[in-house]
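Let's take a walk through a protein model together.

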Amino acid sequence: MIVIDPSLSIPEREIRFTFTTSGGPGGQNVNKVCTKATLLFDVDNSPSLDDDRKRLLRSRLPGRINQQGVMRVSSQRFRTREANRRAAVERVFEREGLLVV
């Protein structure tokens, strides 16, 4: 569960991750190890979000949500999958506070 605030938690089953190789410099494994994490969250079909929160998310991240209503956020700052996965979650749900109405 990703706890947004006391009244909202999003089950991890609603969030998907894909992993690919990172670009740019970063040592010998940069082009061999899939550490870049991309978070995919179906905003439009999420049973955890009410309509107000869905509208808020769409208005704050119009370039990150495609026409099908799926949000895509990537992180490749770190050398491990888990660190990039956490960074992507933090970027969307914690640091930006995107779901707090």
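## Starting with E12

Leaving aside residues up to four places away in sequence, E12 touches M1, I2 and R85. This is a predicted model, so keep that in mind as you look around. You'll find E12 in the loop between β2 and β3 (15-20). One of its neighbours, M1, sits 11 residues away from E12 in sequence, yet their C-alpha atoms are 5.3 Å apart in space.

What does the side chain of E12 do with the side chain of R85? The two make a polar contact, at 2.5 Å.

## Over to S48

Next stop, S48, which has its place in the loop between β4 and α1. If you skip residues up to four places away in sequence, S48 touches L8, S9, I10, P11 and E14. Take L8: along the chain, S48 and L8 are 40 residues apart, while 7.5 Å separates their C-alpha atoms.

The side chains of S48 and E14 make a polar contact, at 2.4 Å.

## Helix α1 and its two faces

Now for helix α1, which covers residues 51-60. At its start, a side-chain oxygen of D50 comes to within 3.3 Å of the backbone nitrogen of D52.

Which residues of α1 are buried? They are R53, K54, L56 and L57. These residues cover an arc of only 160° around the axis, so they lie on the same side of α1. The face turned away from that buried side carries the exposed residues D51, R55 and S59.

And what do the buried residues of α1 pack against? The answer is a set of strands: β1 (2-5), β2 (8-10), β4 (36-42) and β5 (70-75).

## A pair of rings

How many aromatic pairs are there? Counting rings whose centres lie within 6.5 Å, you get one aromatic pair. It is made by F17 and F19: their ring centres are 6.4 Å apart and their planes are at 20°, so the pair is stacked. As for F19, its relative accessible area is 25%, so F19 is partly exposed.

## Stepping back

Time to zoom out. The protein has two helices and five strands. Read from the N terminus on, the elements go β-β-β-β-α-β-α.

Of the 101 residues, 39% count as buried. The protein exposes about 6300 Å², and carbon and sulfur atoms supply 46% of that area. Now think about contacts between residues with a separation of 6 or more: 55% of them come from residues 24 or more positions apart.

The mean pLDDT of the protein is 83, and 84% of its residues reach 70 or more. Where is confidence lowest, and where is it highest? It is lowest in β1, with a mean of 76, and highest in β4, at 94.

Where pLDDT is low, the predicted coordinates should not be read in detail.

Methods: Residues are numbered from 1 along each chain as its sequence is written. This is a predicted model: local features need pLDDT of at least 70, side-chain atom pairs count only at pLDDT 80 or more; totals for chains, interfaces and linings use all residues. Side-chain values use heavy atoms; hydrogens and water are left out. Rings of Phe, Tyr and Trp (its six-membered ring) pair if their centres lie within 6.5 Å; planes under 30 degrees apart count as stacked, over 60 as edge-to-face and the rest as tilted. Buried means under 20% relative accessible area, exposed over 50%, partly exposed in between (1.4 Å probe, protein chains only). Helices (H or I, at least four residues) and strands (E, at least two) are DSSP runs, numbered from the N terminus. The arc is that of the directions from the helix axis to the C-beta atoms. Contact means heavy atoms within 4.5 Å. A polar contact is a pair of N or O atoms within 3.5 Å; within protein, one must be able to donate a hydrogen and the other to accept it, and residues adjacent in sequence count only if both atoms are side-chain atoms. Accessible areas come from the Shrake-Rupley method with a 1.4 Å probe; for residues, only the protein chains shown count as cover. pLDDT is the predictor's confidence in each residue, from 0 to 100.
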